[in-house]
Structures are given as structure tokens and as C-alpha cells.
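The entries follow the order in which I checked them.

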Amino acid sequence: MDLTYTEEEQEFRARLRVWLAKVLPELPAAPSPDDWPGRRAYDLGWQRRLYEAGYAGLHWPLDAGGRGATPTQHLIFLEETERAGAPYVGANFVGLLHAGPTIAAEGTAEQRARWLPPVLRGDEVWCQGFSEPDAGSDLASLRTRAVRDGDDYVITGSKIWTSHAEVADWCELLVRTDPSAPKHRGISWLAMPMDAPGVTVRPLRTLAGSAEFAEMFLDEVRVPVADRVGAENDGWRVTMVTLSFERGTAFVGEVVACRRTLGELARTAKANGRWDDPVLRRRLGRLYGEFGALWRLTQWNVSEAERSAGGVPGIGGSVFKLAYSHARQELYDTAAEVLGASSLSLEEGWVLDRLSSLSYTIAAGTSQIQQNIVAERILGLPKGR
Amino acid sequence: MDFQPTEDQKDLRAGVRDLLAGRYGREALRASVDTGAGVDRALWRELGEAGFFALRLPEAEGGVGLGLPEAVLVFEEAGRALVPGPLVATHLAAGVVPGAAAGTAVVSAFDLDGPLVAHLADADAVLGASGVPAGEPVRSVDPLTPLHRVAVAVGDVSPYREAGALLTAALQVGSALRTVELAVRYAGEREQFGQPIGAFQAVKHLCAQMLVRAEVARTAVYAAAVTGDPGEVAAAKLLADGAAVRGARDCLQVHGGMGFTWEADVHLHLKRAWVRAEQWRTAAQAEELLAQELLGSAG
Ligand SMILES: Cc1cc2nc3c(=O)[nH]c(=O)nc-3n(C[C@H](O)[C@H](O)[C@H](O)COP(=O)(O)OP(=O)(O)OC[C@H]3O[C@@H](n4cnc5c(N)ncnc54)[C@H](O)[C@@H]3O)c2cc1C
């Protein structure tokens, strides 16, 4: 058990710090949260900077155009960029964290060459078309159909909760290619261009007031069979690869941010007198301890991934997500206690964060589904009938 | 950075687990409950011979010369096996109180707030004190942790507080992980409504949350052992106390009526977890310490 960083890792951190100190002041002002085209441009601009400096696709394998960095270097990258206040991966989330790694792991040489470089260069944005109105937690019951017609699939159906669909160029799409097969077996993973005829995107307003995700209607959309990643009807397995990436290191930067937020909260409480309330003070102390432990759990999971072949994150990600998503919601409830009635004003930055934290126990698999995963796949409890 | 246990550390832990499984398995545990024996002197010496108490004593002083990371792994195993006695105080007394390192002396400590002290009647010495004070026996909630009330606390444990809190946290983590195992095993065997109760989500989710709390506490304990940082130690104790107490309680729930019996081991884990939660650093103390540290953080 060793928490010290190697000389190489320290050098990597030092170089990164110098670079961040240089480029961050040059960045344009961040767009408003509602301005999706603005956010797309901003996020892609940041990605381009990363690319030019050699930090794009840090954790991707070399033969996929990545830098082949170790999980620890990736961890340092996420920690330092958050510390320095660098932009979040934002609109590039799906491309960099799901679709990209999935194509890198499962795609053909042509597919890699075609889709991966634009993601890394900051030219193209991906979205994730998995969920459907009647297939959320029970994702494998999805019904969007793809029927083969010559060299194309013809796709009809609808998707929902598709984050930043409005500004995406490509969609990693799950479709049913064999309706007669058992539900997990008849699914395929396709790359669909968002400007294909027959694709209609209708923004949905979130409880935070912004149009963060959308409904997507697919009416006889044609996608070449060549754009399928993995074998036909093998999409479920391919998807599991994607999801393990999703739950891996997705929240590293946020843990760092939460610890900083807690410090700001404590100082706010000190200034407005709430600090004298021992119940509130102790609650802040406890959260500080919890987020410290969550940071250590991240380091633990990363060390474990580093020792495992391929660096694919393990299901320890579910343990982390369960603990983290609830701690984050408690953090903002505590913030509201510190702020009192000002927590009702949307002018307070905290309040939008409080609203958005409500999605953490739902998106990427609800807490109930994560608990099923922990109970069945880690603890080995029997599956329910 | 490589935050995983080394092969040597894993071997050490496995060795202690085997030793305790052979020497203090379920029958021995129940036998000591039946006889009300707090400390088994023979076991104490065997633990001493295995290096349990002298683990962190320098080799030049006859110790094993290892550090806190190894100690927490070993204490985690003792917590899992529910070994009774002042393990932490005796370990801390190695090199200070004669016989502690070898396990020939039993050393207690004033690690509880107020006038109560554990294992006083069995103690040859009290950490930080010149003698063993007289005390009135008190009926203890934990059948394997006898308590006495003394007039004045005569031993100062402040120099030992950090290590004491951390090693106690490690015991709590072992107990928490053990109660997950007990709950999962029972949930897989006990059938109701024609299927194992572990197939019911309400039961599954209790078990999953037990594991989540235990794993978060475990990494907190390991990290604190590596860094020795007082804030991390406080957080480790806080989280480990919660994982052990709530884990034992959830385990009891999973066991249904059986969980409420003297015969099931669950209550022993819960009662010991309550005792440990009052030792070295309570939740309130840990939270206050963390709050002060938070205020000064990233200023
Ligand atoms: C902010 C946000 C962004 C998202 N972005 C995307 C995206 O980009 N692409 C995409 O494809 N999807 C996206 N999603 C969808 C997300 O993955 C689903 O919302 C999630 O998987 C839950 O599905 P559902 O909404 O249909 O809820 P349901 O599955 O209907 O669940 C409703 C309730 O029932 C519970 N429940 C359901 N099944 C079980 C069970 N077996 N056991 C116990 N409880 C159960 C759930 O825990 C929940 O409490 C996003 C969601 C959010 C909130």
C-alpha cells in the first residue's frame, strides 16, 4: 500500500501544472449553461487545446491514437485539471468516455481510423442513444428496430434522455436487430450520424430549467451495415464494455470539486454565523471525512485497474457511484442549511449544482440498479424471479 | 502510486486469518461467551508469539519492525474473528510495558471517556499509568468486554490517541466485513415464499449498502495507515464505527427473529462495535476535528 507518486508521475504532474497555468488564462469566457451551441464550441475548443498539447485521449491505447497513459497518470490529469479550474469534459463526455473507448476496444481498423481522430481533435461530438421511453433501467427491453435492407439498416423507433443530442454529430445507438431472440441477444451497437434523414430531436427541459437532454425520434433512418461496431446481435456485450467505462473514473474531478466546495461552505458558515451550530458543523466535518475517503477509494480503484489487464475499470465502480451520488446530494442539502433562505435564489451558484445533483442517483444506472449489481455480481446473492 | 497491498502484506493478513480461524473460531468464541472469559491468556501469548503485539516495535528492540499499514491488516482480521481483550492497548504498550510485546502481559487503557475502563480485572498494567487502580464492576452490554468504574482515570492516553483510534477502526472494518459475509450467507440459505430471502431486493439492498459502507471505511483506514494524517485517522474511525454499527444492525435485520437471539453471533458484533465506537475517539470528537480541519483547508 503506497500513496506516493513515482518520479515519473510527479514530473507528469509538474509539466501539466505549468501547461495549465499558461493556457487557462487564455481561454474565452465560459458560455451560459443554457447556450448549448456555445457550450459545444467552448468544449471543443478546450479539447483542441488538449490535443495540441498532447493530452487528448490520455488513457486511450496508443493504437487508437491515445497516449497510452497509465490509470494513475489519468487520475493525476483529472485531479490537476479540476484543481486548476479547467473546463469539464462537457459535450465531449460520450465521445471521450464511452463511444471512443468502445470503438477502440471493439471497432475494426477502418472504424477506428474514421471515428476516433475527430473525437480526440475536438472536431466531433457524440451522444448516447441507449434509453427508450419503455426501456430505462431495463435497457435490454429496448424496441427501436433496425431492419436490414441491402447494405443498410433501416431504423425506426425512439430514444429518450439523450444528453446534448441537439449538438451531437454522431450517436452511439442501440437497436434491436433480431426481435425473435431473447431480449439480451438481439441487440446491435451502431454509429448513427445525427444529420441523417429521419432523425428528429426534441429538447426536453430538465428540472434545472435547461435543455440538457432530448427525445429522439427515428423514422426509417438508414445506417450502413458497415457502421455497426461488434457483431450483429452482440450489442449487449459491447454495451457492457461501454458501461464499465462510464462508471470507471467518470467522477474523479467531481470528488476534487466537492472537497473544495465543502471548504467554501465552511468559510461561508463561519462568516454568517451558522458555524456556531454544532449540528451543522459536525455534519460538515463528517462530509469532509466522507469525501476524503471517496478520494482514497478512487485511488484504490485506479490502483486495482492498473494491476488488472487492459485497465478496464472493475465493478468497484458501482460501490463508488452508490456512495458518491448520495454524498453529493447530502453536500448540497447541507449547503442549503448553511445558506438558509438564500438557497432559494437561483442567483446562488450552489442552487443549480444542488438541482443537478439530483440526477446522480438516476443517470448511468439508478441507485437501486447499482445495489442489485453489487448484491448479485459482487456478493453473489441469487437473482430475483 | 500503488495503493494495493503488497504480496507480503497479503501473506501477513492471510497468515493471521488462518491462525485465528484455527485458534479462535466460532466454537472458541461461543465458549468464551458461555464462560464469560474476557481474555484468554494462552491465546494472548500465541498472538504475542505470532508478532501481533510487537508488529511495529523495531527489530533492534525485539519487534517485527513493520508499520501501521501492516498493523491495520492484522487488526482487521482480529476484528473479523471478534477476538476479545484489550488488543489495541496491549499493542500500543509493546516496548513500553514489559511483557506486552510478547503477549505475556495484558494491558488496558483509559480509552473510554469518563470513569469506565475495559478489562480492568484482567489487566497487568494500564497504559500510561503507574499501577492498576481499583474499580467497581459494571454490568457490560458486551458479554466479552467486562467494564469497571474507577474513581479517577489515572492513565493519560493522549500520546497514543491517533494509533489507538486507527487500530480500533481497523477492528471495526473487520467486523463490518464479517457481518456482510454473515448476512450474505444467511440470505442465501434461508428460504421464505419459496425462495432464498437473498433474492428479494429489500434484502439485497441492505446487503449492498453494508458492503458499500464497509469498503469506503476500509479504504479510509488503509489510507490513514499510510499517511498517518490525524484528519484521515479521525475520518477512518468515524466511517469504520458507522460501518460496523450499522452493518451489524442490518445483519441482525437480515437474520429476522434468529438475529434477536443470544445464539446468533450478530449481537456480539453489534455490542462490540458499540464498545469500540466509544473508544479512543468518538464520532462527535472525530467530526469536530474534521470540521476544524475543513475550515483551514484550501484557504
Ligand atoms: C441527467 C440524465 C442524463 C441522461 N443521459 C442519458 C443519455 O445521454 N443517454 C441515454 O441513453 N440515457 C441517458 N439517461 C437515462 C438514464 O440512464 C435512465 O434515466 C436511467 O437508467 C433510469 O431509467 P428510467 O429513467 O427509465 O427509470 P425507470 O427504469 O423507469 O426507474 C424508475 C424507478 O424505478 C426503479 N427501478 C426500476 N427497475 C428497478 C429494479 N429492477 N429494481 C429496483 N428498482 C427499479 C428505479 O430505481 C427508479 O427509482 C440520462 C438520465 C439522466 C437523469
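The entries below cover the ligand site and then the cavities.

**Entry 1: the model.** I note at the start that this is a predicted model.

**Entry 2: the ligand shell.** I looked up which residues come nearest to the ligand. Out of 18 residues around the ligand, the nearest are A:Gln128, A:Ser137, A:Trp161, A:Thr366 and B:Gln201. The ligand is surrounded by residues from chains A and B, so I record the site as shared between chains. I then sorted the shell by class: 11 residues are polar, 7 are nonpolar and none is charged. For secondary structure, I found that two elements of chain A, β3 (152-163) and α11 (367-378), each supply at least two residues of this shell.

**Entry 3: polar atoms at the ligand.** I went through the ligand's oxygen and nitrogen atoms. A polar backbone atom of A:Ser131 is 2.8 Å from an oxygen atom of the ligand. In the side chain of A:Gln368, an N or O atom is 2.8 Å from an oxygen atom of the ligand. For a nitrogen atom of the ligand, I found a backbone N or O atom of A:Trp161 at 2.9 Å. I also looked up the cover: the ligand on its own has 970 Å² of accessible area, and the protein covers 65% of that.

**Entry 4: the largest cavity.** How many cavities of 30 Å³ or more does the structure hold? I count 2. The largest has a volume of about 220 Å³. Its lining consists of 20 residues, and those closest to the cavity centre are B:Gly85, B:Pro86, B:Leu87, B:His119 and B:Gln279. I noted the elements of chain B that give two or more residues to this lining: α5 (87-93), α6 (161-189) and α10 (266-277). By class, I have 11 nonpolar, 6 polar and 3 charged residues in the lining of the largest cavity.

**Entry 5: the second largest cavity.** I put the volume of the second largest cavity at about 40 Å³. I list its lining as A:Tyr332, A:Ala335, A:Ala336, A:Leu339, A:Ser343, A:Trp350, A:Val351 and A:Arg354. Which element gives the most to the lining of the second largest cavity? I find that α9(A) does, with 4 residues. By class, this lining has 6 nonpolar residues, 1 polar and 1 charged.

Note on methods
Residues numbered from 1 in each chain as written. Chains lettered and ligands numbered in written order. Predicted model: local features only at pLDDT ≥ 70, side-chain atom pairs only at ≥ 80, totals over all residues. Heavy atoms only, no water. Near = heavy atom within 4 Å. Polar contact = N/O pair within 3.5 Å; in protein donor to acceptor, adjacent residues only side chain to side chain. Areas by Shrake-Rupley, 256 points an atom, 1.4 Å probe, with all protein chains shown as cover. Nonpolar A, V, L, I, M, F, W, Y, C, P; charged D, E, K, R; others polar. 1 Å grid on protein atoms, 1.4 Å probe; cavity = no way out; pocket = protein on both sides within 12 Å on 5 of 7 lines; lining within 4 Å. Points joined across faces, edges and corners; volume = space filled by probe spheres on them.
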